[in-house]
Every structure is written in structure tokens, then in C-alpha cells.
Amino acid sequence: MEVNPLSIILVKSDSKGDRLLFRYPYTLPQQFQTSVIPARKTPYSLIHTGDDILQNGPPSNICFDQLYGISDKDLATLFAVKSELCNQKFELKVNDVRFVSHPTLLRSDQGSDQKSSDIQINVVFALHAQASSSVVKCYYELSKRIGIALIYEERRDGYFSREIKTMVAVMDENSALQEQEQPTSATGTGGPTGTGSGTGPAGTSGQTVVTNAAATAAGIAVGVFDTILKNTTLAQFIKTIYHDLCTTGLLNVTMNQTVTLSFCLPQKAHQFHKKGMAVEPETIDRCLESLKPYHGMLLLVDPSELFDCVPPSGANMLLQLIEVYNPLKSLQNMASDAELLIDYVYQIVGHLVYWAKATIIYPLCETNVYVIAPDAQLNIHSNLSEKFATKFPGMSLFEVISDFSLPTSIGHLTTPLQHPTRQGRLAQMVLWMLQHHLLMQLHTYVQFVANLDGIEEEELETGRSSVDRIQTMHALYGSSAPSASSSQPLAVPSTGNRKHSLSEDRYSDSLSALLTTATSVTSNTRPSSASHRSNISHSSVGGLHTASSTENDESIASNDDDDKLKRLLAAFPEPDRKAVARIPAASNPEDLALMVRLWKAGYFKGEHHLEEIMYFENLRRSQLLQLVDKFREVLIIYETEDPAIASLYSDHPNCGTNGALRFIINIRPLAAACLATLSALSKLTVKKKPDT
């Protein structure tokens, strides 16, 4: 994508007329004459004029990445707009060039009656026609800022009026010299023969006259602009803007030693750290909107270079943040250490990211998983290996980065027996590779997927067992056996205690389970049998009543746990509820409560990684990993990049989307289903058709 400007044009319009004051660049390379102006092989050869539309492409006004083919007079006529078009966006497309500007009207302080003293200023940027809308928007904003700065300096000490007088004086002087030389050159051309209207040698001489006239005009313009560039600071200001935009995309220039203009072209600035990668402002805005307190910051330049891009009002806060900066800290921790509000830290970090001075990471720790970025600059023409060897003597970039060919955590590359200096050196190398976009961090995401295959098999087995039971009853009782299709219930003897027997059965089952649990828990602290019998023999009736009440309380607690489990399971839909209920961990109220809490919060949709869940739910990593392991039948985990910051590392169209799963870690339920299908297919017998 072409982001460099083709030219910067300064046009003014007032009561004295329209005038192009300055443009830069104003010189074309030496190849211009040989590549643009055709030469005759013989005096009688014809020059192809390009009238054949079918064989020639559309006309072009770009030559060697510079504006060409439009005279200064035409440019002045195009961009000397009326006052009605001032203070708004102006955009014009001519062939393959797009002109963008913000015309500014400088009104006189003498009153509204003297409109003749008003000056219209227009700083125009010539761009490639295929430039994206975001690039056009950035250049429009820059033109608007330059116009505002010119108005401020004009009202402060008449800066723009002085510069105009100097530029116009130089142009008038060169025009006078040109008029004096014109009669002499006209006499030397031979009168009407130099018009080039004839054929043969006459036409040849005419072509030579036209070519010489164009070259002479171009030479005069170059001389005029050279003089203007030497005598005016405004022309030098425009030249500095052009070169900074073409080299770094960062502006920090001063007008008239008073007004400092700071501007960043992110599409160009981010290419300094990764060539060929164009980061759009909308991408940076989406990244900053997703910024969370648990994120961290990684500087891409030396801290001394940060103050050039920050206005004086924010320099003190930036200094406070830099003093506590550490890539191992989160933004929240740095804000606390610097005694700044987290909102201020967000603004400072967002400004540094926009200016390509910093990037967003997750704080460096042993559990971070990294892998080689898919578009890492590791080709033979890259000089990163030399930079790495200079930064870390005795180390090879390819040897170190080969450890991250597969997703690897920092903890797997270190051992407790290693010296702390070696661990710190590894952390520095990882940070260096992150700064140069060679590594990409992967986060663990959790997806809830209910496996219903086992449930369907259980339902089929339940149906078969009921059929077998009915057939057995028919064999025992004959025709008097109850029919399975009968809608009438079985005859039950009418007893007074039947209503209470069901609750007693449930109570006895729960009590036996509680007693079993209590026996297993207290087996190590139970007294001897003799003392136990002694205690029973000497116990009173009141003691028996106390034991009975304790058992009742435990049974009530068990009933409460059952009710709690039912309420928790009711949060899931019917198919998912069956899949969760058959997991052994679902019988634990605490585990199930945590599972339901995270499921209701939407953390199991594959959109939130473990670090985000840990921060917002105040959980430890071990708790989450244990929960995922206990419910592994329905929870699938995979690793991919964080979509909030992945766009700053890669320009891949699908980068940062959770739809593309790069590394599957646990797919046991799906793998089990696939194996079952394969085993079923292997049992099929293929019958060969008889030969006809």
C-alpha cells in the first residue's frame, strides 16, 4: 500500500490573485529526460503520440513516485478554492493522483467589510489514487493542523504575511528576468519555422524548440523554488514534513520557533519495526478498546525517545510511568506504583502504541506460552540475526527461536537448577523477539461442548433392560403379568404407612451413605471396642436422643445438598444437563457451583482466555485447571492468540479470530467419538458382487 506523499503544495488566494507559493519536491530524477521525453533516431522518424487508446493505458501523472505533468498555473487554479469551500475537506482525483487538503480562511482583523484583505490558505497533499480511506483521512487531518498553525502564527506576529511577501518577491524577480530573455530567445528560433507545425526537418526543429522550452521552464521553476527554500522558513518547514513522512511517518517539527507540530502516520510508523506491515488506525482503536488492567506494556524504543511524541502537558505523567515500567508488571500494578489512575495509564499507553513506541503484551511469566509468529522475518535477507548476535554475544537467533517451533512455555525452558542469571538472560531474549514480532503468545481458551453419545447409549440400554424385565415377568406369571403397554398403574396394597415408606427409603439410603462416609472419616480416631462398649452401656437415654438428632441434621444437610445440585443442574439446558450430571465431579456442590458460575458468565464460549477469567473472577490458575480437568468430558481447551492484541503483530486477515483454532490441546470427547466411528466402520463387511 502506498502511503508516501507524492508532493506537498502550498497555494494562497487573496485580492492580488491566486498563486502557487511553493511545492516540494520540485526536482525530478535524472532519468526523467530519457524515460519520459522520447528521442528521434533519425530526423525523419515519427514520434508515437499515444493516440491509440486500445494499446495505451490510462494517462498517468506520477513519475518516479513524484507528481508530474500538471503545471504550477493549473495547480494554483485547481486549489485556490472559494471561501464557501474553506474549513472543510477538499478532495480531488486527477487520473492516478488524489489531492487532499483542508482549505483555511484567514480573516482580517480590520472588520467584515474589508473582505479583500482575507487570505485563503490551502496546504495540499498529492497521494496515490489507490490510497486507502484511512490514509486519506490522516493526511486531511495533517493539512488541517498545518492550516491552524499558520493562522495562529499569522495572528501572533504576521508570520504568514512575511513569508508570502518573500516568496512572491522571488517569483516576480524571476518572471522579470524571464521576460527580458524572451525576445532574445524568440529571435534565435527563426520565427514561424520554430512552431513545429511543418513536417520533415521543419517538424524536427519544432519538436526541439518545444522540448527546449519545457526544459527551460522546468529549470526556471527549479531555480525559483531553490531560492525560496533558502530564504523562507515556511518552505523549509514543508520540506521537513515531506522527508519525515517518507522516512519514519513521525513528525515533530517547529514552525517559526514557536508552534510544535506533532503527527503520526501509523501506516508508515509501524513499518519501522516490521517492514511491509501496515497497521490501520481503526485496528489500533479496536486494540485499545479491548485493553484490560491485566495487560502489560512492552517498549519498542529507548525510553529517552518517548518524550518527542508526548505533549508537554503529559510529560510528567509519562515520566512517572516510565520510572516504574517493567514488562513483568501489569498495567494495574504499574498504575498503582506510579500513583496514577488506571484511565490515565490507558491514555498514555494508547498514545505510545499509536506512535509505534510500545506494544501490548501479557506480563512476562513462566506460564506464558509462545510460538514463532507465522509471518516472522526470518528469511536470509533479514538482518535480525546480526542484531541478535550484537545484543546477545555468543547466542544464535535461529538456535534460540527453534525452541519455540511448537508452543512452549518459558517454564519448560528453565529448571530450578539453572543459575538466575541464565533465566534472566532467557527473559531478555524473549522480550527482544517480542519487540521484533518474531514470537506470538498463545492463550488457553475453554469451549463447552456436550458429548451426548454416551447418553443415547445409556437410554438404549435402559430401554432394553425394561423389555427384558417385562419378558421375565411374563415367563413367571403367564397371562396374569402386567402388560407393558397398559396405561393403568400396578395394583398396590392399601396400607396406612405406604405414604411414609417412600420417604423412609430415601431417608435410609441417605443415612447409610452418610454413615459410610462418617465411618471412613472417623476410622482413625475411633476408640477401642471395650471402651466403646463401656460408653454405650453407661450412656443415658438423653445421649441416645442427642445421637438421633445429629443423624437427623446430617440427613437434612444431605437433602439440602441434593436440592442444591438439582438447582445448579437446572441452569443447563436439557441435553447439556444430562451430559454434566453423569460426570463424577457434578456430585460435588462446590465444583458444580463454580462450573455453573463460569458457564453463566459466558466464559466457556471460547471467547475468554484463562488469564481473563482469573482476573475478573479472582481465581487461581490451579483452580481453573483442576475444574477443566474434572469436567473434561464437556470442556475442550485450545490455544490461540489474543484477538485484542493479535492485530498489532500480524496483518493476516484471519489473525485474532477464535474461529481458526491453531493448537488443540484436549479433544478427548471428540477423539473418543471418532474412534468409535472408526471401530464401527471396521466391523462392516464388504460383499463383492458376482461377476456377470
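How do the residues of the lining of the second largest pocket divide into nonpolar, polar and charged? They comprise 12 nonpolar, 11 polar and eight charged residues, where Ala, Val, Leu, Ile, Met, Phe, Trp, Tyr, Cys and Pro count as nonpolar, Asp, Glu, Lys and Arg as charged, and the others, Gly among them, as polar. The model is predicted: local features need pLDDT of at least 70, side-chain atom pairs count only at pLDDT 80 or more, and totals for chains, interfaces and linings use all residues. Residues are numbered from 1 along each chain as its sequence is written, and side-chain values use heavy atoms, with hydrogens and water left out.

The second largest pocket holds about 810 Å³ of space. Of its 31 lining residues, Gln271, Phe272, His273, Lys274 and Lys387 are the closest to its centre. A pocket is an open set of points on a 1 Å grid over the protein atoms alone, where a 1.4 Å probe fits, with protein on both sides within 12 Å along at least five of seven lines; lining residues have an atom within 4 Å of a point. Its volume is the space filled by probe spheres set on the points, which are joined across faces, edges and corners. Strand β9 (250-255) and helix α12 (384-391) each supply at least two residues of this lining, and the largest share, three residues, comes from β9. Helices (H or I, at least four residues) and strands (E, at least two) are DSSP runs, numbered from the N terminus.

Leaving aside residues up to four places away in sequence, Glu2 touches His128, Gln130 and Ala131, contact meaning heavy atoms within 4.5 Å. The C-alpha atoms of Glu2 and Gln267 are 9.5 Å apart, although 265 residues separate the two along the chain.

A hairpin of two residues connects β1 to β2, and Lys12 stands opposite Arg19 in β2.

Ser134 is buried, with a relative accessible area of 5%. Not counting residues up to four places away in sequence, Ser134 touches Gln267, Glu280, Pro281 and Glu282. The side chains of Ser134 and Gln267 form a polar contact of 3.2 Å. Such a contact is a pair of N or O atoms within 3.5 Å; within protein, one must be able to donate a hydrogen and the other to accept it, and residues adjacent in sequence count only if both atoms are side-chain atoms.

Methods
Buried means under 20% relative accessible area, exposed over 50%, partly exposed in between (1.4 Å probe, protein chains only). Two strands pair if DSSP finds at least two bridges between them.
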